[in-house]
Amino acid sequence: MADQQTEEILAPFRLLVKEQGDLVKKLKEEKAPEFDIKRAVTELKTRKKTLEDKELSLAPKDGLIDRTRLEDLLKQRFFYDQSFSIYGGVNGLYDFGPMGCAMKSNLLQAWRSFFILEEQMLEVDCSMLTPESVLKASGHVDRFSDYMVKDLKNGECFRVDHLIEAHLEKMLSDKKISEDVKQECRNLLPLIDGMSKEDLTSTLRKYNMKSPISGNELSDPMEFNLMFSTSIGPTGQLKGFLRPETAQGIFVNFKRLLEFNQGRLPFAAAQIGNAFRNEISPRSGLIRVREFTMAEIEHFCDPKEKDIHPKFDTVANLKVPLYSACNQMEGKSPELISIGEGVEKKFIANQTLGYFMGRIFQFMTKVGVDPTRFRFRQHMSNEMAHYACDCWDAECKTSYGWVECVGCADRSCYDLTQHSKATGVRLCAEKKLPEPKVIDVTECQPQKSVLGKVFKKEAKAVMDHLSQLDEAALLELEKTLQDKGEVSVSINGQNFTVKPEMVVIKRYQKKLHVEEVVPSVIEPSFGVGRIMYTIFEHNFKTREGDEQRTYISLPPIIAPYKCSVLPLSNNPEFQPFVRQLSQSLTQHDISHKVDDSSGSIGRRYARTDAIAIPYGITIDFDSLKEPHTATLRERDTMKQIRADLTELPQIIRDLASGRRTWDDVLNNYPIFEQQEATSK
């Protein structure tokens, strides 16, 4: 369908989104009641989803793949499969086989080279077991839970807010439902996110909701924490969780990392490791799982210097598809603009965030993501994480729709501030001042002897609490003591009465030569499994003229094996050359597969193509003659050259690392057309 025709069809859908987006802006400007704003935002999300679904249905079908055939191939060749399959399998858990394991390892090595080595980042490997106190401070304990319901007959679980939302939207599209009931549904939709357990229960029962799969009765909603809980140690008294993200390990080690970097900002720390989220009903293969590998970067910088990045000019002219919050509100498509223009127009908050977005785009296209099926989508204010002040998702178009593969967030100083408050440890850097300055200091000095006599073993907790009060809290404490003669403080749910003789509040001046800086954090976070699946889809191809012959066109840098070694037949005279070549490839650190099985050479080429091997060396009868040569075939073009056996390992090494292109090889070696000798 022509672009003009497509736009004509989409125009009314875009207009509906724009009208609703304008309404949301107007309500926020007028400081309308929260209920009205939530209702308008819910309607905006519905219209956006309708527009996106229509866009996907009208998109060119060239990029569509047969997902069933692809997933069958991946399982058949054991790239990955469901964990514990002989026991019936467990949803959301997957095992990588030899091919998937090799590809994942190559992908992570490419990530290390591209980010850690090139940007001189500090790599850490932190514990997956995390004490509750750490995740309490970060906000995960309080914010990482959902309500779910169970099918009373088969035990299948559903996230209750999603179930209610889907049921109400279905009622809105039902012509048999009265307008009064539909209005009730419209009023309820914006309230779902904030509903209590009792509200969710009454809504379920009022509209007689059943299991969307079986039609069976559902249980009452029950709270479900998305983190896997455990106890650390034999007593079971220290509660912990399997980490829901890798970032917190970096934040709690910030002080050590800063010391390692000689106390200087900016610097970046990186970590590759597994994280765990106990999804209620995981589906969609590798897209939504319970255990997954993340590759995360935490770039620490002075908040005043985020707008300047020393290497920004290297990505400033890079054009990427930006789907800004403004465009989403107005029903517009993503715009292809340069990173520099995005920062200049304030779509992107600052240069540092823009720099990492450019690097993310470069990496994703390098490892095989199709740039025409890639976009950066900005989070709208209502979906921004509690810690972020700007966030863009690198989304890839797959048969599942647009899938978030990388998040790039400006986390500001939220995490370091939270951990400082919880521990009393200063997590900040020092910056030398151009000139010393004198400041007024208000300080609380707890009187240990008095507090010890009154509070006994709780005295330390009270002293720590009083010592950590900021100036505003100290002034309030002092005023309350003067007015009432005592003040009640709450520590870990316990109340303590503090009296004037227990504290001394001092005021003095202090000369500073340095100032403390709590760094802002820019966080690119890569979901490795999702990236792998996207690469599989974007590179799943069919041979022209032979629809039954499929193959995966992985870039050589991440291909599980870099080449195959194929003797033309079972002729014993080929074996010494195969062994010698295999040893030489191993010495050059080239992963390879020897296929000396029976079958025609064409059938074996097809087998190696199917498992994404980019190059194939064939030992034939001409290899027996001096100088000893062999053919080198490239998977995608199927073109072949002939080269000396001793040169082939280095050629493949250069091709696999990207130091040399296949076109360059074609221009420097004779093209192989047909074998000259058919027997000795």
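Trainee: What is the strand order in the open sheet of nine strands?
Mentor: The order is β3-β10-β11-β21-β16-β15-β14-β12-β13, and the pairing is mixed. Strands here are DSSP runs of E with at least two residues, helices are runs of H or I with at least four, and both are numbered from the N terminus. Two strands pair if DSSP finds at least two bridges between them. One caution on the source: this is a predicted model, where local features need pLDDT of at least 70, side-chain atom pairs count only at pLDDT 80 or more, and totals for chains, interfaces and linings use all residues. Residues are numbered from 1 along each chain as its sequence is written, and side-chain values use heavy atoms, with hydrogens and water left out.

Trainee: Which are the edge strands?
Mentor: β3 (122-123) and β13 (335-338). Each pairs on one side only.

Trainee: And how many bridges do β15 and β16 share?
Mentor: Nine, in the antiparallel sense. β15 covers residues 390-398 and β16 covers residues 401-412.

Trainee: Now the open sheet of three strands. What is its order?
Mentor: β4-β9-β8, with antiparallel pairing. The edge strands are β4 (129-131) and β8 (229-232). The twist averages 45° from one strand to the next. Angles like this run from 0 to 180 degrees between N-to-C directions, with axes as lines fitted to C-alpha atoms, for helices over the stretch in contact.

Trainee: Which residue in β9 is the bridge partner of T230?
Mentor: G240. β8 and β9 (residues 238-242) are joined by four bridges.

Trainee: What about β22 and β23?
Mentor: They form a hairpin with two residues between them. G545 sits in the turn and has a positive phi of about 85°. Four bridges join β22 (residues 540-543) to β23 (residues 546-552). K541 has Y551 as its bridge partner in β23.

Trainee: Switching to rings. How many aromatic pairs are there?
Mentor: The structure holds 21. Rings of Phe, Tyr and Trp (its six-membered ring) pair if their centres lie within 6.5 Å; planes under 30 degrees apart count as stacked, over 60 as edge-to-face and the rest as tilted.

Trainee: Why is the Y80 and F96 pair edge-to-face?
Mentor: Because their planes stand at 65°, with the centres 6.3 Å apart. Y80 is in β1 (residues 80-82) and F96 in β2 (residues 94-96), 16 residues apart.

Trainee: Is Y80 buried or exposed?
Mentor: Buried, at 2% relative accessible area. F96 is partly exposed, at 26%. Buried means under 20%, exposed over 50%, and partly exposed in between (1.4 Å probe, protein chains only).

Trainee: Which residues form the aromatic cluster?
Mentor: W111, F114, F115, F363 and F526. R359 lies over the face of F114, 3.8 Å from the ring centre. A charge sits over a ring if NZ of Lys or CZ of Arg is within 6 Å of the ring centre and within 35 degrees of the ring normal.

Trainee: Last topic, helices. At what angle do α1 and α2 cross?
Mentor: Roughly 165°. The axes of α1 (residues 3-29) and α2 (residues 34-58) come within 9 Å. That makes α1 roughly antiparallel to α2. Angles under 35 degrees count as roughly parallel, over 145 as roughly antiparallel, 65 to 115 as roughly perpendicular and the rest as oblique.
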